[in-house]
Amino acid sequence: MSGIRLYDYELSVNCYKQRLLLSILGLDYERVPVDFFPGREHQGDTFRRINPLGHIPVLDDNGYVVWDATAISIYLATGYDDSGRWYPVADPRRLGRVASWMAFAEGTTNTASAARLHDTLGYDFDIDACRRGARDLFRHLDRHLWLGELEGRRWLVDGDHPTIADLAVFPDAMLAPQGGVSLTPYPAIRRWTDRVKDIPGFVVMAGIYPH
Amino acid sequence: MIDPVARDLWCAIVASAELGPRRRFATRLLGVPIELTAETAGGFAARSSDRHLPVIERYGYLWTSLGDPVPLFDIPEYDEPDRRILNAGTLQVATSAPRCVENFLDMGHFPYVHTDLLGAEPHTEVRDYRVDTDAGGEIWATECVFYQPKAAANATEGQLTEYTYRVPHPYVAILYKSCAEDPTRNDVIGLFLHPVDAETSRAHNFLCMVDSVNTESGMRHFQQLIFGQDKSILENQLPKRLPLDPRAETPIRADKSSIVYRRHLTELGLRYGVIRPDESVAG
Amino acid sequence: MNLPPVDYAANRGWYPVAASADAVAGHVVAGRLWGSDLVIWRDDNGAVNVWPDRCLHRGVRLSLGTNTGTELVCRYHGWRYATVAGSCTYIPAHPDNAPAQSMCTSTLPVHEYAGLVWTTLDGAPGSVAVGTSPEPFPVEHDVNDHAGSAAVPLWAMTVNVGTGTLEVELDGLRKALTKLVGAEVAVVLQPVDPDAVVVRPLAVGEAAPAVDVSALDAAAELLSAFARRIESGAGANGDYDGNSRRSATEARGYGQVSPHGRTVSTGLLDVEVVAKWETADGIVAFEFLPVEGAPPLPAVQPGAHIDVHMTADLLRPYSLTNGPGDTAYRIGVKREPDSRGGSAAMHDFVTVGDRLTISHPRNTFPLRRDADHTLLIAGGIGVTPLLAMAQTLAATGAGFELHYFVRGPGHVAFADVIQTLGPHAVVHHGLDPAGTGEELASLLAEPGFGRQVYACGPGPMLDAIRATARSAGWPDDTVHFEYFQNPNDLDLDSTFEIALSRTARTFTVPAGETILDVLRTNGVAVEASCEQGACGTCVVPLLDGRADHQDVYLSDTQKATQDRIAVCVSRAETERLVLEL
């Protein structure tokens, strides 16, 4: 099978981040539905031959296999975005910022999105710690975005174009209410999510509506 | 005291295939901690902190009750040998079970919530349909028609799709929809609600399909996508308990099935997960 | 210095619910005050709306919805609510029905001041007079001291003050911020829940505009540190969402403001004429706004009309030309040569500054918005309701054409609005009846799935459209008419009985009187407007018996169904009619 295949689960934020980037970059790809829930197919022997860690998403580009949400985004943005805007490898200072915010996204995934997994799929996480952690991160994010608007910065990283970091944090924020973390206290986050929704090629997932 | 009407219902707690490997599932039912176990000798058991509870296995799920349960409704299609039976997924939702049932009966939201899947603007009209209550007290909404942009995976144009809805149990709604492979038969899609407490539910997405094409993963993804879209609406609906007073919200003609459902719950005397007409409507 | 505890029991007075800069165009802000969720949105004219965050229909948060610039659209079923008035203008599940005027959300008073959006939960609906400042501020350092000078909101933050203590050390914060940013700082509080407040520092006074971004960043850092300290002292419970908050809010009598809080009056409206101009030969346009101190005018649905009360018993219906978001009413009045005092009085005596009494808008000519293509056909002054429809369709990007038949170029009314419709509008002038007939035949040549026709104009033209559409095969529920008057000769000779199902009363309708006359004589209230079977205002459900339909409002199919009747002109074929009244 040639072309790009994404091992995918409909309700996964990390899979959605890749669907979002693939769509924005205008790439055709095949979705391979993994029975993540309730089948736990990603933990099975067959899937572990694709990703030994037993995690989704996994991207297979003509036989080249890459796993991990951040890794896939970096691969796609570097390999398929000729403008170099989504992952600015030529600009070390901005690239450093993108990497920092990708790390921030790991934080929101492990708190806000973990709380959502707890509240939706019954995962056994410390729900209070997840929500507390998410609120601390969202406060910081709200402040960063509020200040950005005053400085004329519309995205997480300075420059006039969004990066993969925006796409990485976006779904964790949008779906946080499903984990019991309201976005009402963070108006600058809500405004920024509208801006992300306005990016050409934007697609939705369950629970995220168009602007 | 537990609402006696809710207490005497069978409630679907967990898909039996999913309990098997885990052997044990602890949760709450109507706010009461319970535990289901797969017995080493075969069979299943359910208990609360102080006693054993009745348990049955039906339609691929384990059902239990805190009281003396009335008999469970029938789904004849379940026994047809070529049916594909599946729990498409059990998702928890932060609202009452009756809110979930009511949303399941609603077609008007298809273009807005299930955009390009079950509906699409500008085709938003809910045509008149029939609602009847049968001799057994089940609600049937028939002759329901709604524009669907892409009724099947290989469809290129929209069409008017016909649906039949059935409420055989206060916390269960079932949809019959003509199946793509054999238009003489219906696919059966059920939503079985487990009321964890008055404002938290676990929704079992039951599929009983005539489908030789789609993979199990594909069917699960589609159904979870649909319910995942509903979930974010349901969790933003206030109050979380369903108000039974017809004046509490603003029903329109399209809401006929919900009007009958609310009246049915009022007549049953159900209190759990609802706001009775005689309660204050604050909140 | 420690401030006295904030008085949470007295949830009266004005409070901020957002920064003005939060409510940007096209965006929907979610806010919260005293346990009530609020939706805050700015329309394209710059007006800010603050409403309970619940759709009237099923209680879904409107903050999930879309701000179109003139309306807020609910995410669940697409119900549309008009800016300022809060009236529901469209229910997509029933495209052929006009939402009742009573479908109107509560609207909270709004005042923008000191860079913040303020509201109050205890005031009557309405607005604050411009130029006054809301009182009192829940703040130690009164912003009013600096009224007239600029105020710059710093970063605001929701702080969990815990369930045990409500004392907030604000003065220290204020002093530290003042020192940091080099301008006087006031701290305004927005009570959210019993255990949470939004702390909104403002730089005020002459130095405020000079505060630079790095100082704002430092202020935000200081506020963060302040919050961390308060919250560590207040315990780890940082939960101000969802269920866990519920018990606390209920115990204190907090709760959602009901979206039904607004009582919609169905009485008359007092308006002031704010503009009058000649828009075409023999046609004068008027613009109305509410008289000073009155609430905003109800929102207008396309196709709606108002009755202008010329005298106590002389009403004249006029269609509103309003497009989405217009908050002033606009009508066009043609001077009728045989005017009995209606149009001539409007032309000759009504001037700018006059007060008029009008009815609430009624919509007996509702526009379906689920068509793939809509054909609007206007003759002369009949263009007025179709202008409202055209602007609505243009705003949603739907496919439509407006064909406007006039005698000559000087007869084109509201040319400025027609201009904005671009290629969607075609003006036909100077056609004789035969030429008009040919044009209509070509316009109506193709009925099709998802096509609808709306026509308003002189009776003979509408009759021609009806005949042409029928022979071209248009189903009659896809062609909609609004007549100026009923061209039929009315036959009032019959005598029959009417029974009212709700009140179990029976009356005889004698020859020479209408059902409406008999109902009025017996004190049964029925709304009516034209009283000649043209406008549809007086249509009531018919439960039994067969009506002798004499109106031009109901379609042939509707008449054949025998389930409703226009009581101003129609009579009975059977001896008895049962009306749902």
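Figure 1. Chain C holds 10 helices and 32 strands, where helices (H or I, at least four residues) and strands (E, at least two) are DSSP runs numbered from the N terminus. The model is predicted: local features need pLDDT of at least 70, side-chain atom pairs count only at pLDDT 80 or more, and totals for chains, interfaces and linings use all residues. Residues are numbered from 1 along each chain as its sequence is written, while chains are lettered from A and ligands numbered from 1 in the order in which they are written. Of the 581 residues of chain C, 49% count as buried; a residue is buried if 20 or more other C-beta atoms lie within 10 Å of its own, exposed if 12 or fewer, and partly exposed in between, with C-beta atoms placed from the backbone. Among contacts in chain C with a separation of 6 or more, 66% come from residues 24 or more positions apart. Two residues are in contact if their C-beta atoms, placed from the backbone, lie within 7 Å.

**Figure 2. An open sheet of five strands in chain C.** The strand order is β27-β26-β32-β28-β30, with mixed pairing; two strands pair if DSSP finds at least two bridges between them. β27 (505-509) and β30 (564-566) of chain C stand at the edges with a single partner strand each, so one side of each has no neighbour in the sheet. From one strand to the next, the twist averages 40 degrees. Strand β26 (residues 496-500) of chain C runs parallel to strand β32 (residues 576-579) of chain C, and four bridges join them. Ala499(C) is placed opposite Val578(C) of β32(C).

**Figure 3. Packing of helices α7 and α8 in chain C.** Helix α7 (residues 433-443) and helix α8 (residues 459-472) of chain C pack at an angle of about 40 degrees, and their axes are 10 Å apart. Axes are lines fitted to C-alpha atoms, for helices over the stretch in contact, and angles run from 0 to 180 degrees between N-to-C directions. α7(C) is therefore oblique to α8(C); angles under 35 degrees count as roughly parallel, over 145 as roughly antiparallel, 65 to 115 as roughly perpendicular and the rest as oblique. Thr436(C), Gly437(C), Leu440(C) and Ala441(C) of α7(C) make the contact with Met461(C), Ala464(C), Ile465(C) and Thr468(C) of α8(C). By class, the residues of this contact are five nonpolar, three polar and no charged. Ala, Val, Leu, Ile, Met, Phe, Trp, Tyr, Cys and Pro count as nonpolar, Asp, Glu, Lys and Arg as charged, and the others, Gly among them, as polar.

**Figure 4. Packing of helices α3 and α5 in chain B.** Helix α3 (residues 97-104) and helix α5 (residues 216-234) of chain B pack at an angle of about 125 degrees, with axes 11 Å apart. The two helices, α3(B) and α5(B), are therefore oblique to each other. Arg99(B), Cys100(B) and Asn103(B) of α3(B) meet Asp230(B), Ile233(B) and Leu234(B) of α5(B). This contact of α3(B) with α5(B) has three nonpolar, one polar and two charged residues.

**Figure 5. Contacts of chain B with chains A and C.** Chain A contributes 16 residues and chain B 21 residues to their contact. On the side of chain A that touches chain B, helix α4 (residues 92-121) of chain A gives the most, with three residues. The contact between chains B and C takes 24 residues from chain B and 26 residues from chain C. Helix α4 (residues 110-113) of chain B gives the most to the side of chain B that touches chain C, with three residues.
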